[in-house]
Amino acid sequence: MYRLPELVHRRLPTLPPVDWERPSPDKKSLRRDIIVASGFLLLALAMHELLLSLTEQENAPDPLLAYLVLVSLIVPLMFRRRWPITMMLIGSAAFVGAGSENTYQVGMELCAQLAYFIGIYTAVTWSKNRRGLWIAMSVVLLFMATWVIVTFFTSDLLTATGTSMVEDPAGVLPTSTAFIFYNLLMNLLYFGGAIFLGMVSWTNAYASQIVETQAQRIADQSQQLADRAVNEERLRIARELHDVIAHHIASVGIQASAARMVHERDPQQSIELMRGIESSARSAVSETRALLGVLREHGGPEDSPSSAEGARNPEPSMAQLDELIAANERQGLSIQISRDEHQPGFISTLPAGLSLALYRISGEALANVRAHSTARTATLSLRSGTDADGAWIEVEVTDSGRPRPDSAGGGYGLRGIRERAKLHHGLVEIGPRIPHGWRTRARLRVVSDAATRLAT
């Protein structure tokens, strides 16, 4: 046979588990209880004095007992959330004591009634020992039920002795019957309301804790996913630049071998080859430093190359741009290409690392259009030129669509674009267009590569 708490929870599954304990309030809240209860006590004493001025001297309650009852009812509220069951029992004893002939009027005052109501409500809301709570509550309700029954017999005694509470009642029910039902309903509303509201508050506290726990778990998982995405992107950048550096080293080896073979018969060409070696070495050092600068920002154990895939295809470049466009068009995005090179064929002579970065930026920008825009057409513009700082190459992807509902991403693709541009001392502009649409533009600096020199 199930115990009563287990039976109740089977009938009402929305209630917190039997063994759940509501977290205690912080010290600041406990101090606030003392301050609020002190103010409430002053208000109760002031209202009691006002009522005394409206009461005949012969009908006034004993002053000392009246003050004692008010203090006994309200002072427990100062510690109502620290020891809720104990304070409820103290308040109940004070309320029962207020039912005597000398202090009956005090127990009926608004502040006294409200203080006792708050005491019961707090016990149901904040008690950690639920079994002890319901035992104490059963004792309180038993006393109150006894008190109500006594009032019923009192009304019967008045009827038996020929004494009437009301000489000429205006209602349709007999006075004794109305008195019994009125007291019954008042006590049901009073105690039932306090217990019901306390249970609602207790249940809401459990639901709030569950929501907070789930929100924290979701936030932790989101952060883990974000860190994983960032680490994966950094690992891919590291692998790509590893291939780029390998290209530089291979180029240095080829040019060194060529310089050794032509040194005796053509010293001038040997010098040019040596300059190419110097350029390749500088370019390799520059890209390595940029890579380390990016990876140091959020480096961690996950960045170990041992987690990389074993076999990889050769890293792409702008030579595979047509394949990238074809892949996007197969996914429903029509692409218009615009080229504006300050030198014919300049893009095809870009260094391997720069060409790879340009390819990746173009692919990510087009992927953003597919994922986050209603546009089915995009324009990919390639431009190059020179300024006071040297040559530059620029890629720009624009569309005229509107943001697709419920398609917000984590921003990792845009972060990858910025990091790749940073590797090549570039600038990035990403944002909406007027009147609508989106633009992604990245301008990267061109550093002469050994392969370019060798080709010339």
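The model is predicted, so local features need pLDDT of at least 70 and side-chain atom pairs count only at pLDDT 80 or more, while totals for chains, interfaces and linings use all residues. Residues are numbered from 1 along each chain as its sequence is written, and side-chain values use heavy atoms, with hydrogens and water left out.

## Overall make-up

The chain holds 13 helices and 5 strands, where helices (H or I, at least four residues) and strands (E, at least two) are DSSP runs numbered from the N terminus. Of its 456 residues, 37% count as buried; buried means under 20% relative accessible area, exposed means over 50%, and partly exposed lies in between, with a 1.4 Å probe and protein chains only. The chain exposes about 27200 Å², of which carbon and sulfur atoms supply 60%; these areas come from the Shrake-Rupley method with a 1.4 Å probe, and for residues only the protein chains shown count as cover. Among contacts (heavy atoms within 4.5 Å) between residues at least 6 apart in sequence, 76% join residues at least 24 apart.

## Strand pairing

Two strands are taken to pair if DSSP finds at least two bridges between them. Strand β1 (residues 334-340) pairs with strand β2 (residues 377-387) in the parallel sense over 7 bridges, and within this pairing Ser334 has Thr377 as its bridge partner, while Ile335 has Ala378. Together with helix α11 (residues 352-372), β1 and β2 make a left-handed β-α-β unit; for such a crossover, right-handed would mean that, with the strands pointing away from the viewer, the path from the first strand over the helix to the second runs clockwise.

On to the next strand, β2 is joined by 10 bridges to strand β3 (residues 390-399), and these two run antiparallel. A hairpin joins β2 to β3 through 2 residues, and Asp387 stands opposite Gly390 in β3.

## Nonpolar cores

A nonpolar core is a set of buried Ala, Val, Leu, Ile, Met, Phe, Trp, Tyr and Cys residues joined through side-chain atoms within 4.5 Å. The largest one has 39 residues, of which Leu73, Ile74, Met88, Tyr116, Ile120 and Met137 touch the most other members. Helices α2 (27-52), α3 (63-74), α4 (84-97), α6, α7 and α8 (175-262) each supply at least two residues of this core, and the largest share, 8 residues, comes from α8. Ile74, with its neighbours within four places in sequence left aside, is in contact with Ala37, Phe40, Leu41, Ala44 and Ala115. A second, separate core of 28 residues includes Met318, Leu358, Ile417 and Ala421.

## Four individual residues

The table gives the relative accessible area of each residue.

| Residue | Class | Relative accessible area |
|---|---|---|
| Ser127 | buried | 1% |
| Ser384 | buried | 8% |
| Thr374 | partly exposed | 44% |
| Glu21 | partly exposed | 48% |

Ser127 has its place in the loop between α6 (110-126) and α7 (130-160). A polar atom of the Ser127 side chain lies 2.4 Å from the backbone oxygen of Ala123, and, not counting residues up to four places away in sequence, Ser127 touches Pro84, Ile85, Thr122 and Leu133.

Ser384 is found in strand β2, and its side chain makes a polar contact with the side chain of His342 at 2.9 Å. Such a contact is a pair of N or O atoms within 3.5 Å; within protein, one must be able to donate a hydrogen and the other to accept it, and residues adjacent in sequence count only if both atoms are side-chain atoms. Residues up to four places away in sequence not counted, Ser384 touches Asp340, Glu341, His342, Phe346, Trp392 and Ile393.

Thr374 has its place in the loop between α11 and β2, where its side chain reaches the backbone nitrogen of Arg402 at 2.9 Å. The C-alpha atoms of Thr374 and Arg402 are separated by 5.4 Å although the two residues are 28 residues apart along the chain. Neighbours within four places in sequence left aside, Thr374 is in contact with Gly401, Arg402, Pro403 and Arg404.

Glu21 lies in the loop between α1 (4-11) and α2. Glu21 and Trp126 are 105 residues apart in sequence and, C-alpha to C-alpha, 8.7 Å apart in space.
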